[in-house]
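Thanks for coming. I'll go through one structure this morning, and I'll start with a question once it is on the screen.

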Amino acid sequence: MEEDSPTPFEDALERTGNGRYNYLLAATCGLVLLGMGTDMFGFGLVVASACDLNITVSQKGILTSLPFIGILLVSYIWGYISDTRGRRFSLIISVQAGFLLSCLASITTNWLFLAFVKFFSVCFSCAINSVAYTLVGESCVQRVRSKYMLMMTCFVVLSPGIAALLTYPTLSLNFESDVPLLGIKFTPWRLLMIVLAIPMGIGGIVICYFHESPKFLVNVGRQEEALEVLRSIYAINNRKSRVKSDFQVKSIYLEDSVCTKDYSLLKKAYEQSAPLFRPPLLWRTCQLFFIVSVIYFTNNSLLVWLPYVLNMLKVTQSQADYTKGDVCTLISVKPEPDNYTIEANHTKITPDICLGYIEDNVIITLVASAMVYSFLNFALSYLMRWRRVVLISILVISALSGALLNLMPEPISSVFLFMAFSCTNQAMGIMAAYFVELYPTSCRGMASCLSIMVGRTSTFVGINVVGNLIFYHCHITFYIWSLVVFSSAIAAWFLPPDKPLPSRT
């Protein structure tokens with residue numbers, strides 16, 4: 001290749017190498033994802049302990065699922081912003097605004113105001129899940145791209161356990177501080193909301209020290225800025241001064257770039273997403289969106305309701321007339337005339353029960369499962385050359401666990417299968433890699449954000465379906481649910497076949 005001839009972007013990125021800049025960027029985006037996860041999944045623990053708001057089980061379902069409506073409404077907008085204003089810009093705004101609004105939610109006066117503030121908090125923080133992956137994917141060489149994304153997912157998988165670890169000591173505190181202007185008492189569960197948001201706040205500051213995606217800059221015609229970013233990455237990775245002669249790339253071009261026209265805002269937003277729903281991408285979009293919806297429906301719905309399920313399981317086991325059985329047998333509310341309560345130690349136990357704290361077994365289960373899932377996710381990052389096989393295996397294991405859950409004779413093995421059923425979270429990083437690699441740069445941010453919108457929409461449906469059915473029609477719910485997960489494994493069978501990743505592109 002002649003020295004003055006334009007260099008393909010992937011070749012130029014390959015010359016920057018894989019080093020300190022990439023490690024730190026992936027770690028920082030992982031921290032941001034961890035913060036998003038602790039804030040979102042920890043919210044279920046907050047709701048479970050906010051006894052002074054007198055939240056019923058139906059209100060809990062609305063409260064924990066309403067933020068996902070925010071994701072549904074704004075994911076399209078964040079996809080457009082990400083593809084037009086930049087990945088880094090979107091990430092900084094979303095993380096910092098999400099942190100501030102989560103802190104504001106700690107002084108809520110009733111459950112409706114809490115839902116309102118949390119709704120707007122998630123409207124910002126929802127961009128993190130897709131933009132972070134896109135920023136890393138476009139800043140790292142192809143041979144490690146999928147590996148980094150799966151390792152970043154370790155932080156998301158670990159977030160429920162970190163949320164539980166932060167929750168236990170915080171709720172163990174015993175204090176009440178009057179806030180006269182608001183007419184509330186500042187109690188441990190309010191402090192917990194701030195504590196859970198701290199990782200996101202830290203990540204929002206650190207991400208400011210990283211560059212914009214060089215691939216985005218090239219795609220929008222900012223060639224010199226892209227070259228400067230690549231030189232900086234090269235210098236940091238190779239510990240050299242940032243001079244042109246070192247990098248030896250004078251101009252770059254994108255193989256998958258598209259021409260853009262001067263459209264109105266609505267027309268631009270339409271043009272940004274329309275290619276996803278037209279041939280040749282239409283079939284791939286439907287296939288990936290279906291798999292994503294099943295993954296999020298299964299994992300997130302179980303995570304949100306897990307504290308309530310385990311709390312009820314613990315209380316039910318303390319009954320004098322306790323008999324062994326699977327999880328469904330123990331948590332199912334037995335129909336009694338005009339009353340759905342269970343008497344245990346002279347205390348009426350219902351799904352609406354509020355203990356004001358989280359049972360030790362809930363914390364232990366969340367931490368243990370998060371550590372196991374995170375370790376498995378880290379291990380899977382070394383198997384990305386067989387990612388389609390891994391994805392299918394994960395979905396099949398989940399489906400079998402859900403079906404076998406109902407057949408266990410005692411609760412321990414049943415709880416184990418209950419947690420194994422939620423192992424679809426292991427597939428999130430794999431799906432993120434597919435969205436980055438199977439779509440062109442011009443609509444990649446939109447595709448990733450719309451996938452999160454689809455996933456969170458299915459989560460909203462799942463949370464309310466689980467809340468309405470798991471306590472009353474538990475067995476049949478898991479049988480049908482398992483069939484749905486198995487159908488997603490069939491859909492994954494038709495993904496592009498695995499092939500060895502090249503050392504360079």
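Which helix gives the largest share of the nonpolar patch? The answer is α20, with 4 residues. Before the details, the ground rules. This is a predicted model, so to speak of sources: local features need pLDDT of at least 70, side-chain atom pairs count only at pLDDT 80 or more, and totals for chains, interfaces and linings use all residues. Residues are numbered from 1 along each chain as its sequence is written, and side-chain values use heavy atoms, with hydrogens and water left out.

Back to the patch. Its members are Leu 400, Leu 404, Leu 407, Ile 476, Tyr 479, Ile 480 and Val 484, and together they have about 630 Å² of accessible area on the surface. A patch here is made of residues with over 30% relative accessible area and no salt bridge, where like charges are joined within 9 Å and nonpolar side chains (Val, Leu, Ile, Met, Phe, Trp, Tyr) within 5 Å. Areas are Shrake-Rupley with a 1.4 Å probe, and for residues only the protein chains shown count as cover. Helices α16 (387-404) and α20 (474-493) each supply at least two residues of the patch; helices are DSSP runs of H or I, at least four residues, numbered from the N terminus. Tyr 479 sits in α20 and is partly exposed, at 34% relative accessibility. For that scale, buried is under 20% relative accessible area, exposed is over 50%, and partly exposed is in between (1.4 Å probe, protein chains only).

Next, charges. Side chains of opposite charge can pair when their charged atoms come close. The rule used is a side-chain nitrogen of Lys or Arg within 4 Å of a carboxyl oxygen of Asp or Glu, and by it there are 9 salt bridges. One of them joins Glu 10 to Arg 145, at 3.0 Å from N to O. Glu 10 is in helix α1 (residues 9-16) and Arg 145 in helix α7 (residues 142-172), so this pair ties together parts 135 residues apart in sequence. Glu 10 also pairs with Lys 215, with the closest N and O atoms 3.3 Å apart. Lys 215 belongs to helix α9 (residues 214-219), so that bridge ties together parts 205 residues apart in sequence. Glu 10 and Arg 145 are both buried, and Lys 215 is buried as well. The three residues Glu 10, Arg 145 and Lys 215 are linked in a network of salt bridges.

A local case is Arg 231 with Glu 228, at 3.4 Å between the closest N and O atoms. They are 3 residues apart in helix α10 (residues 223-238), about one helical turn. Arg 231 is buried at 7% relative accessibility, while Glu 228 is partly exposed at 34%.

How many cavities of 30 Å³ or more does the search find? There are 6 in the whole structure. A cavity is a set of points, on a 1 Å grid over the protein atoms alone, where a 1.4 Å probe fits but cannot get out; lining residues have an atom within 4 Å of a point. Points are joined across faces, edges and corners, and the volume is the space filled by probe spheres set on them. The largest cavity holds about 180 Å³. It has 14 lining residues, and Tyr 296, Met 428, Ala 432, Ser 451 and Ile 452 are the closest to its centre. Helix α18 gives the most to this lining, with 5 residues.

Methods: 1 Å grid on protein atoms, 1.4 Å probe; cavity = no way out; pocket = protein on both sides within 12 Å on 5 of 7 lines; lining within 4 Å.
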